[in-house]
Amino acid sequence: MNVMYSKKRHILIFLLPALILFCGVLIAPIGVSAYFSLFDWNGFGAKTFIGLSNYRELFTSNAIGFIKALRNSLLLAALSVFLQLPLALGLALVLGRKVKGERVFLSVYFMPVLISTVVIGQLWLKIYNPEYGILNVFLRSIGLDNLAKIWLGTKQTALGAVFVPVLWQYVGYHMLLMYAGVKSVPTELREAAMLDGASNWQIDRYIVLPYIKAILRVSVIFAVTGSLKSFDLIYVLTNGGPLHATEVPSTLMINMLFLRNRYGMGSTIAVLLIILCFAFALLIGAVFREEE
Amino acid sequence: MKRNRKPAEIIIYVGLIFWMIINLFPVYWMFTFSLKSNAEIFGENVIGLPHEWRWSNYTSALNTGNMPRYFFNSAVVAIATILITLVVALMATFALTRLVWKQKKNLNKFFMLGLTIPIHASIVPVYVTLSRLHLLNTYWALIIPYSAFSLSMAILVCTGFMNEIPRELDESACIDGCSVWGIFLRIIVPLMKPAVATVGIYTFLQCWNELMFANIFISKSSLRTLPVGVQALSGQYTTEWGPIGAALVLATFPTLFIYIFLSKKIQESFIAGAIKG
């Protein structure tokens with residue numbers, strides 16, 4: 001069998017479709033994007049080589065506002081790590097203690113992850129609707145008329161209003177990953193600790209948390225890279241507006257590409273996003289390893 | 001152990017139920033306003049059940065909004081993507097777990113890079129290539145990128161399952177005169193059903209909801225997928241909330257329907273896709 005299994009021809013045939021698809025759509029385009037980022041190009045005409053000018057312009061031009069977009073997405077990443085993940089962790093730990101209705105809670109909490117972001121976005125547009133949206137209707141009904149706002153249309157409130165559904169939608173996702181980890185803690189460990197008189201809180205703190213560290217690392221990486229890449233909900237809710245208040249790198253990139261036909265600049269943003277995602281993934285991995 | 005834990009427990013349940021309501025409310029609200037008239041939605045009856053169940057909202061969403069067409073497009077793209085992903089991933093996994101050669105481990109790591117690469121990386125080059133090949137505004141413009149981006153996760157899941165199939169099966173099949181293809185198609189693939197289900201579900205949800213590619217690579221309205229279609233529809237009917245609600249429900253229904261019956265399997269597929277990345 002080993003003779004048959006080591007034939008070069010077989011190996012090649014079995015691997016070829018995957019290699020073509022993977023390299024053609026994922027790997028090669030990274031290089032091509034990096035190459036395009038060095039040009040001034042409108043997508044169809046001639047390309048003009050301009051070296052690193054796109055990068056320079058991106059970081060210095062206030063008109064493009066890349067720094068602001070980047071700051072917005074880093075703020076989202078921070079909120080995600082310090083608000084969304086702790087909430088998800090709390091839910092996972094509680095559900096991991098065999099509470100009644102565990103499955104029902106778990107399934108309901110995970111549901112928003114499965115609903116299309118367009119649907120979620122459209123729903124929240126209606127929730128935030130200044131005249132008929134339930135948020136303002138609710139505020140008016142309890143007499144807080146002056147708190148009712150044009151949530152997505154005002155510069156001061158738009159960013160916060162966009163972040164709420166973005167953070168809310170994926171709590172269930174992180175909770176599910178962490179819950180899977182909590183459930184993988186051997187019951188003997190839990191029981192032994194309980195016999196020693198440890199409280200639920202102590203068990204979570206000293207047994208469960210160290211046990212699920214690998215999953216926490218994955219969650220933090222996903223939360224940060226996911227925030228850097230975030231696009232769908234923001235696109236549906238505000239598309240970066242009003243006055244670029246909710247701009248993130250992805251909305252800026254799509255804007256450059258398909259509204260302003262600046263393919264070189266769009267590629268530059270794409271390249272920076274890839275670099276940032278990989279850099280943060282490595283950095284977070286290193287921080288967790290340091291802790292051990 | 002029997003310390004008085006009652007108050008703490010009650011607080012925990014209140015918290016759990018509160019978060020459940022926050023998660024259920026938007027969906028409940030969507031279902032109810034999809035059956036209401038504007039008068040009810042805009043004041044008479046904002047959050048209650050509809051006084052008069054207006055199913056006509058659904059007929060108008062279906063008739064005027066081209067929803068059946070978007071549904072069909074999404075289904076074609078999702079099914080084709082699932083099939084291609086599965087065939088390609090199963091073949092690659094067979095080479096990565098069964099066939100004998102050096103660098104297997106490294107190639108596996110290489111494929112796992114795909115779990116971290118954001119789709120932004122490929123948007124410009126893929127767009128340019130698709131347009132040169134005149135594939136923009138065809139189903140292929142979505143099927144090919146979706147399959148490629150599903151591949152890493154599919155290989156990850158398939159590797160786990162394929163490693164658990166005992167090698168003695170391959171050996172006895174080989175002694176019985178099976179070729180490599182015979183072993184792959186008749187022994188391995190039929191035993192991969194659980195992996196196929198996991199990958200299928202995960203891939204389905206990914207393509208069913210994807211927005212960025214679907215928005216950019218397809219501009220012809222007759223080829224739009226559901227998310228883009230719903231988005232366009234909501235732009236057209238800004239003042240008629242009922243039919244928009246109906247369209248949102250129609251777009252969400254298949255996913256929720258599958259979720260009700262396969263919640264455990266779906267959750268497992270998401271866990272499998274994330275852990276050991």
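The legends below describe close-up views of a predicted model.

Local features require pLDDT of at least 70 and side-chain atom pairs pLDDT 80 or more, whereas totals for chains, interfaces and linings use all residues. Residues are numbered from 1 along each chain as written, chains are lettered from A in the order written, and side-chain values use heavy atoms, without hydrogens or water.

**View 1. Crossing of helices α4(A) and α8(A).** The axes (lines fitted to C-alpha atoms over the stretch in contact, with angles from 0 to 180 degrees between N-to-C directions) of α4 (residues 66-95) and α8 (residues 155-183) of chain A come within 7 Å and cross at roughly 40°. The two helices are therefore oblique (under 35 degrees is roughly parallel, over 145 roughly antiparallel, 65 to 115 roughly perpendicular, the rest oblique). Helices are DSSP runs of H or I with at least four residues, numbered from the N terminus.

**View 2. Gly181(A) in helix α8 of chain A.** Gly181(A) is buried, at 1% relative accessible area (buried is under 20%, exposed over 50%, partly exposed in between, with a 1.4 Å probe and protein chains only). Its C-alpha atom is separated by 6.7 Å from that of Ile215(A), 34 residues apart along the chain.

**View 3. Crossing of helices α11(A) and α14(A).** The axes of α11 (residues 213-229) and α14 (residues 263-291) of chain A come within 10 Å and cross at roughly 155°. This makes α11(A) roughly antiparallel to α14(A).

**View 4. Phe257(B) in helix α13 of chain B.** The helix spans residues 241-274. Phe257(B) has 44% relative accessibility and therefore counts as partly exposed.
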